[in-house]
Amino acid sequence: MSRKSQNSTRVSRRTFSAGLGAAGIVAGTAPFNIVRAQGTPLKVGVLLPRSGYQAGIGQDCQRGVDITAGILKDMGMPPLQLMNADTETNVEIARSRAEKLISEGAQLLVGAFDSGQSTAIAQVAEQKGIPYVINIAAAPPITEQGYKFVFRNFPTAGMILGGAFAAQKEIFAASSSVPKTAVFLHVNDTFGTAMKGGIGAVMPKFDMPYKIVETISYDPAARDLSVEISKAKATGADALIMVSRLNDAILLTRELVKQRWSPMAILSMGPGWYEDQYLKTLGKLSDGPLSFVPWYDPNKPLSKQLEAALAKAHAGVNLNTNHVYTFEALLVAADAYKRAGSTDPKALADAIRTTNITNNTSPGPGILFDAKGQNSSLKISGIQNRGGKLVTVAPKEAANAKAEWPLTPYDKRA
Amino acid sequence: MPAEVYLNVAVGGVLTGLVYGLMALGLSVIFGVVRVVNFAHGEMMTIAMYIAIVLFATFRLDPLIMLLPIAALLFGLGYVMQAGLINRFITRPEHSQFLLLVAVAIIMINVLLIIFGPDAQNIQTAYSYDSFQIGPLIVDAAKVYAACAALVVTAALFAFFRYTHIGTAIRACADNYTGALVVGLDVKRLYALTFGLGSACVGAAGTMLLLIFDVTPAAGPAYTLLAFVIVITGGLGSMPGALLGGVLIGLTEAMAGLMFSPSAKSMFAFGILVLVLLFRPQGIMGKRAA
């Protein structure tokens, strides 16, 4: 009995050899598997509105994609194999393109600039169990559905509005004249409607000096916005509050000039007014509008790296929201892949959930997601168009210029 | 709201509507004679707009100067399309004609996409941002020029059909196809001429519209639809009807945007269309079918 017991606990040479061999196999192959997974690029489907009326912005987001590979490599991130798809600025096409990318082997999705399109892609990603990192889309419901595979490193409409009103008050405090009345013009798509609802809910909390005397919604694909400006002008409001896209921002500015109306301020809370195409198309007429948007912190080291990479790849293009948040979505994907060590969708989603990137570009402490998959620590900046460039005027800690106020009338520009 | 706001918006709507009318006139002329509905109408207009963009970028030519050359180019395109393609479908069922022209439209959109990309493009003339002020009335200068050009082109087309031998022959083809053949008219050549003339109208309208709107390759179908709404409202085949329909739709869109919601502009234009179809199916100035 005792002898048997001794035998049972004693490790024989054969057992030891077998154990050593097994341990060697495990020890040898486990890290090898990780290395092998990371040597293989992660297949990332990038969905953007590359055609249709949002094409200008979709292609601007693509510039952010273009400069990503080199920077990720410098950061020691694993490679990504990008699979591009065009949503054609259409919700249903966005949905079908997402399904197609997944069937073609995409292991993670990124995109799609627009809330409506992103909502459709999120449904597909959740259904198929493929992680989806939203680059730009602000409609709050996307991260309120209890999704497990959907993540957003972009502020919600409520966050944008809260940050925008706070930044506006900061600018007003440094000025002798403030607007007393405003007209709110917004696109009638998913984003615009969400922002409209958000303004009603958030504005009363900030005790703003102006009141909204008229709200005008319009089709973002409209060819002519003269009636909208006529209606806004008739109110005699001091300021225009805008939630728009790119083409309509250009059309609205043209109408302001033609109808000889220069409000005290144009306060935008969405894309359009700071885009490169806006600045280039309108020249000196593009100066003045203030945009309160998710921007980048010009003082962060990675922002400078991004600016340099963009200047090299696309000379003369200013770094903006589209580049920054598209880049950061891909950074989240690469970082998760690096930590997960696997292309397994669940492992990737778990890794994204525990993201904590402090070396980033967007204002705030960094990229980290709450239980809903939302980065709720992002900050909003106030930026102004000036001489074809963009300067940050709020918040003070991230500002590199003082706001020029009020807007120089269009007919007084040299 | 002050009365001058209504006046400003109404004038803007009428001016835009006149250019819409010129665009729709081409569709109406082609249908009135050839009895083929041109489903590539809007796409042909976007081609004219892109030709204007290229000519402007290359030679800095003002759209008002480019109007005739572009109309001539589109005349050639229309003539070749009718003579080389559509004439073979004249006696075929309507669904064959429909599919042919939809296919042509899709090809045109994609060729434009390949050449020019998807971005919206426009031209900036010296008067792009000008406006005329008459008392409280502020009128967009580009819209005034475009509307005047539309009226001149319409008058010229009307005179051509009324006072020239070819115009009379074309009207004869429209009135009685068999009769025209019996008296020895070369109907297929006259059809090609008519399609060319309709296309020239579209070329002129596109050049003028570029003063007011941006262009993208995908803009074509919306213009085709708009042209349909206008000619059905004004009366398919009626030249004055097309112009009247254009003004009515332009004015309705503008006033609905002002009085209700700009988002609902198109809804009111389609509302007019439904009313016309219900109570005057031949259109406001169309002839009742025998």
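**A loop residue and its setting**

A: B:Arg35 sits in the loop between α1 and α2 (41-59) of chain B; helices (H or I, at least four residues) and strands (E, at least two) are DSSP runs, numbered from the N terminus. Although B:Arg35 is not a glycine, its phi is positive, at about 65°. B:Arg35 counts as partly exposed because it has 15 C-beta neighbours inside 10 Å. By this count, a residue is buried if 20 or more other C-beta atoms lie within 10 Å of its own, exposed if 12 or fewer, and partly exposed in between, with C-beta atoms placed from the backbone.

The model is predicted: local features need pLDDT of at least 70, side-chain atom pairs count only at pLDDT 80 or more, and totals for chains, interfaces and linings use all residues. Residues are numbered from 1 along each chain as its sequence is written, while chains are lettered from A and ligands numbered from 1 in the order in which they are written.

Chain B also meets chain A: 25 residues of chain B are in contact with 24 residues of chain A, where contact requires that the C-beta atoms of two residues, placed from the backbone, lie within 7 Å. On the chain B side, the elements giving two or more residues are α1 (3-34), β2 (137-140) and α10 (239-259) of chain B. Of these, α1(B) gives the most, with five residues. By class, this side of chain B has 15 nonpolar, seven polar and three charged residues. Here Ala, Val, Leu, Ile, Met, Phe, Trp, Tyr, Cys and Pro count as nonpolar, Asp, Glu, Lys and Arg as charged, and the others, Gly among them, as polar.

A:Thr89 is not a glycine either, yet has a positive phi of about 55°. A:Thr89 lies in the loop between β2 (80-86) and α5 (91-103) of chain A. A:Thr89 counts as buried because it has 28 C-beta neighbours inside 10 Å.

Chain A holds cis peptide bonds as well. One joins A:Gly111 and A:Ala112, with omega about 0°, and A:Ala112 is in the loop between β3 (108-111) and α6 of chain A. Another joins A:Trp405 and A:Pro406, with omega about -5°; A:Pro406 is placed in the segment after β12 (389-394) of chain A.
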